[in-house]
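User: Can you walk me through the pockets on this one?

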Amino acid sequence: VYKTSEPEKLVVYVKGAPDILLPYCSKIISKGGNVVDISEQSKKELNDQVLLKNAEIGYRSILLAYKSVNAHGFSADDYQDEQKYEELESGLTVIAIVGIEDPLRDGVSQAVQTCQRAGITVRMVTGDNIDYAKSIAIQSGIVTKEELDQNSLQYRPYACMLGNDFAKEVGGIVKSPDPDDPEKTKDRVALPEKFKEIARDLR
């Protein structure tokens, strides 16, 4: 949150993952430089035409946005909890989406190959957008294009998953009696056979 040349105005700048921030945006700067409302259709077009294309070529996307707020009575101390942050970071205007090349470090692909030759299954866990994650996994040799292609004989249906989808598929975590101590319970996966089925494919 920054002061501006106008004493009564502050400006909030936000940057982050587009799939997280886009729902908090209600306007966008058009090609002509005007601030216009952003529709759900426009958001879909941004996803299809910008985010997916960036991911396909191995670029990480970052969304830049802003909004003006009234300086009168504003105090940073009021924005310490999550709910207040959401208030501050909603009703944003999209400035741009940028694609940043984040090349693999030297030796990553070779390290993955060495592990695989030794019989180790390499799995990648990331908070990145799933399409970008797939691109990096292919570049590093963790997964092949064929394993992600539904029309391929090498297709692995569970090769790449979102954490929430994984949790749903295995039924989440449930409590069960501890065989060593009946007074206690243990956490376990609700559907262990499904867990094993997914684990075979998951990369």
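User: What volume does the second largest pocket have?
Analyst: About 220 Å³. This is a predicted model, where local features need pLDDT of at least 70, side-chain atom pairs count only at pLDDT 80 or more, and totals for chains, interfaces and linings use all residues. Residues are numbered from 1 along each chain as its sequence is written, and side-chain values use heavy atoms, with hydrogens and water left out. A pocket is an open set of points on a 1 Å grid over the protein atoms alone, where a 1.4 Å probe fits, with protein on both sides within 12 Å along at least five of seven lines; lining residues have an atom within 4 Å of a point. The volume is the space filled by probe spheres set on the points, which are joined across faces, edges and corners.

User: Which residues line the second largest pocket?
Analyst: L52, A55, E56, D131, K134, S135, I138, K145 and L148. By class, that lining has four nonpolar, one polar and four charged residues (Ala, Val, Leu, Ile, Met, Phe, Trp, Tyr, Cys and Pro count as nonpolar, Asp, Glu, Lys and Arg as charged, the others, Gly among them, as polar).

User: OK, and the largest pocket, what's its volume?
Analyst: About 760 Å³. The largest pocket has 37 lining residues, with T126, D128, N129, I130 and A133 nearest its centre.

User: How does that lining split by class?
Analyst: The largest pocket's lining has 23 nonpolar, seven polar and seven charged residues.
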